[in-house]
Amino acid sequence: MPKRVSIFVTCLIDQLFPKVGLAMADVLERLGYEIEFREAQTCCGQPAFNSGFRDEARSVAAHFLSVFDDAEYVVIPSGSCASMCSHHFAELYRDDPSMLAKAHAMEPRVWEFSRFLTEVAKVEDVGAVWNGKVTYHDSCHALRELKIKDGPRRLLRNVKGLELVEMDKAEECCGFGGTFSVKFAELSGAMVRTKIASIERTGADAVVSIDSSCLMQIEGAIRRDGLPIRVLHLAEILASTGDPR
Amino acid sequence: MKEIRAIQPQLHPTLSDEKLQLAVYTATGRLVDKRKSTVAADVLPEYQELRQQANDLKRHAIEHLDYYLEEFERNLEARGGKVVWCRDGKDVVDFVLSLAKRRQSKVIVKSKSMTTEEIHLNDHLEEHGLEPVETDLGEYILQLKHDTPYHIVAPALHMTRYQVADLFEEKLHVPREEVPEKQTQIARTILRQKFLEADIGISGANFLLADSGSVVLVENEGNARLSTTAPKVHIAIAGVEKVIPRAQDLATFLKLLGRSATGQPLTVYTSILSGPRRGTEIDGPEEFYVIILDNGRTKVLRDADKRQALYCIRCGACLNICPVYRKIGGHNYPWVYSGPIGAILTPQMEGLDKNPWLPHASSLCGACGEVCPVKIEIPRLLLELRSDIEQDKASRGEDKLEKLGFQGWAKVMTNPRLYETAGAAASWAMQDSGSEGWAKHLPWFMNVGPVKGWSSERDIPEPAAKSFRQLWRERREAKAEQ
């Protein structure tokens with residue numbers, strides 16, 4: 001078991017939801033890992049890549065690759081950003097052999113947080129306590145690009161006091177999609193409301209995911225609609241040790 | 001003259017039409033569930049192998065299109081049929097008109113064909129005094145309504161049986177009938193007469209078999225079989241990409257097509273048509289033509305990677321599963337091919353500058369790629385097209401603002417100190433609106449561009465008072481002091 005891991009906290013979490021980063025650090029430290037946070041880290045480049053601006057995405061991806069050049073494990077609390085690093089960097093550098101080699105060398109070292117827990121740390125019970133009923137939202141890139149489906153659910157089922165209920169549209173997109181959410185705002189808003197209706201039907205107290213971007217979309221709409229459903233990153237649940245909600 | 005380009009459509013009328021939303025979401029949902037049940041591992045364990053086989057076969061056929069098309073032509077002509085090569089819709093119309101003139105035809109029965117929708121064949125034939133009659137029930141309804149297909153497989157997916165009742169009452173002058181089976185009987189009675197009157201039958205083609213020179217038609221209503229056998233002339237219209245090498249390859253494609261399209265292990269009718277009536281045969285047309293149409297497909301062929309969009313077998317599975325299609329429906333797409341496959345085909349066939357918004361109208365959820373029976377990498381091609389489109393725009397000096405925005409963003413994201421300063425500034429600027437880190441509204445001068453789009457539908461997350469990196473430093477310092 002590696003003792004030292006590097007974390008990539010993603011620009012979204014760093015700026016908007018730092019408690020998610022702290023929660024991930026809490027869980028990893030509780031499991032005995034020494035955490036390294038490289039201060040030069042910023043973003044993986046995905047916003048530009050998804051918007052069609054590949055030159056800009058390349059320069060940001062190159063920054064990521066240089067920051068984490070010698071890191072053995074890079075743990076990321078986001079399926080989408082992890083997939084950018086492990087699946088799409090190679091597409092950015094297909095015409096640049098030396099950068100392509102670096103991108104390929106990075107692929108096996110990038111770990112989405114829940115997958116790191118279940119496949120590297122090999123834990124399913126992290127000793128968390130959380131009282132209530134939750135439902136899990138499959139974020140698209142985690143589900144379809146990284147094939148993460150059952151791991152986060154197993155981690156949740158092992159949380160003391162937590163009841164996991166499935167929603168009928170767990171695999172349906174929340175409608176975020178990066179700049180799509182603002183370029184096609186009304187459409188994106190309609191999509192997230194289909195998602196929220198599915199969440200509501202479960203009667204869950206909270207919806208949980210491993211991507212803060214989906215959660216930002218879902219929480220933004222839940223708050224706009226004044227619904228009493230909490231929105232939490234998996235790390236926040238796993239970091240919880242039973243303090244009153 | 002400045003070219004008129006299709007701008008991003010106004011989606012509000014569709015999104016706010018509750019009845020339509022329910023109809024489309026329910027109908028596509030039913031197709032999604034049916035598909036899922038017929039490709040499940042316990043009923044079709046070889047499903048993933050079949051998809052790979054289909055992909056391999058299509059790749060091979062598309063990479064050797066010239067070879068297989070010529071083989072198809074030789075074999076069809078050996079059986080007395082004739083291939084007509086057409087560059088575009090005009091070529092097709094000219095051919096059909098001259099044939100109709102020679103045979104003094106008036107009524108033309110048609111079975112469902114997206115390729116003929118592509119070239120607006122019916123409109124052109126009507127302009128010249130001919131009477132084309134759609135015989136697929138969905139298409140017949142649309143023809144009465146003067147509407148275009150809403151979906152590749154289920155053209156009248158957006159209509160309820162009550163709307164069909166209204167339409168039949170008005171256009172056919174029949175007593176109101178709301179039961180779908182009885183509506184079908186009404187259409188059937190009228191269409192039977194048309195089949196008898198028609199001198200020419202026009203069909204599409206699901207596959208062209210190179211090794212036997214045959215046209216394969218897949219359908220559920222029997223109208224395609226009637227359209228191609230009752231009239232004295234049969235014209236099949238096929239895009240160049242429809243050819244597959246061998247008859248035996250159908251074993252792969254037919255297993256996938258019905259399941260992916262409608263959740264049927266096999267469609268009700270599969271017709272393999274090989275030329276006109278011969279010798280002592282008692283049925284079949286006297287003349288048999290296969291129109292092989294380009295209409296922009298060879299433009300797609302030029303790109304060695306993105307040409308895989310031509311593998312499509314028109315099952316519609318990507319439409320049904322697409323959360324965007326399920327909200328905006330088929331008519332907000334600029335061309336007859338809607339949904340994810342439309343979003344990768346249209347820009348390639350019509351030009352990158354025509355509908356630059358189209359590949360951007362996706363949340364990139366990837367569901368389409370997962371259900372495609374021929375494994376077209378639709379999500380990846382959407383990203384490739386976005387990049388092509390932005391480069392195309394830049395080369396014409398269009399939409400400079402977004403490009404500038406991302407250039408500035410990249411500067412910030414490659415400079416950690418600048419990144420931290422910019423983050424702190426944003427946090428300072430937005431720290432006061434209050435409730436739990438989320439704002440309902442922002443001051444007017446901030447509520448612009450992307451923020452305005454966001455806040456129109458959702459509350460706005462405020463930058464945290466302290467970023468993760470600040471909090472992490474504090475945590476390290478606190479630990480060091482212990």
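Reader: Which residue in E10(B) does B:Ala238 stand opposite?

Author: B:Ala238 stands opposite B:Ile292 in E10(B). This is a predicted model, in which local features need pLDDT of at least 70 and side-chain atom pairs count only at pLDDT 80 or more, while totals for chains, interfaces and linings use all residues. Residues are numbered from 1 along each chain as its sequence is written, chains are lettered from A and ligands numbered from 1 in the order in which they are written, and side-chain values use heavy atoms, with hydrogens and water left out.

Reader: How many bridges join strand E7 and strand E10 of chain B, and in which sense do they pair?

Author: Strands (E, at least two residues) and helices (H or I, at least four) are DSSP runs numbered from the N terminus, and two strands pair if DSSP finds at least two bridges between them. In chain B, strand E7 (residues 233–239) and strand E10 (residues 287–293) pair in the parallel sense over seven bridges.

Reader: What is the strand order of the open sheet in chain B, and which strands stand at the edges?

Author: The sheet has six strands in the order E1-E10-E7-E4-E2-E3, with parallel pairing. Strand E1 (82–86) and strand E3 (131–134) of chain B stand at the edges, and each has a single partner strand, so one side of each is left without a neighbour in the sheet. Neighbouring strands of this sheet are turned by 25 degrees against each other on average, direction ignored.

Reader: Which helix packs on this sheet, and how is the angle to be read?

Author: Axes are lines fitted to C-alpha atoms, for helices over the stretch in contact, and angles run from 0 to 180 degrees between N-to-C directions; contact means heavy atoms within 4.5 Å. Helix H4 (residues 65–78) of chain B touches E1 and E10 of chain B, and the direction of H4 makes about 145 degrees with that of E1(B).

Reader: What share of chain B is buried?

Author: Buried means under 20% relative accessible area, exposed over 50%, and partly exposed in between, with a 1.4 Å probe and protein chains only. Of the 482 residues in chain B, buried residues make up 56%, and the secondary structure of the chain comes to 22 helices and 12 strands.

Reader: Is A:Ser83 buried or exposed, and what does A:Ser83 touch?

Author: A:Ser83, in helix H5 (residues 79–92) of chain A, is buried, with a relative accessible area of 0%. Not counting residues up to four places away in sequence, A:Ser83 touches A:His88, A:His141, A:Glu145 and A:Leu146.
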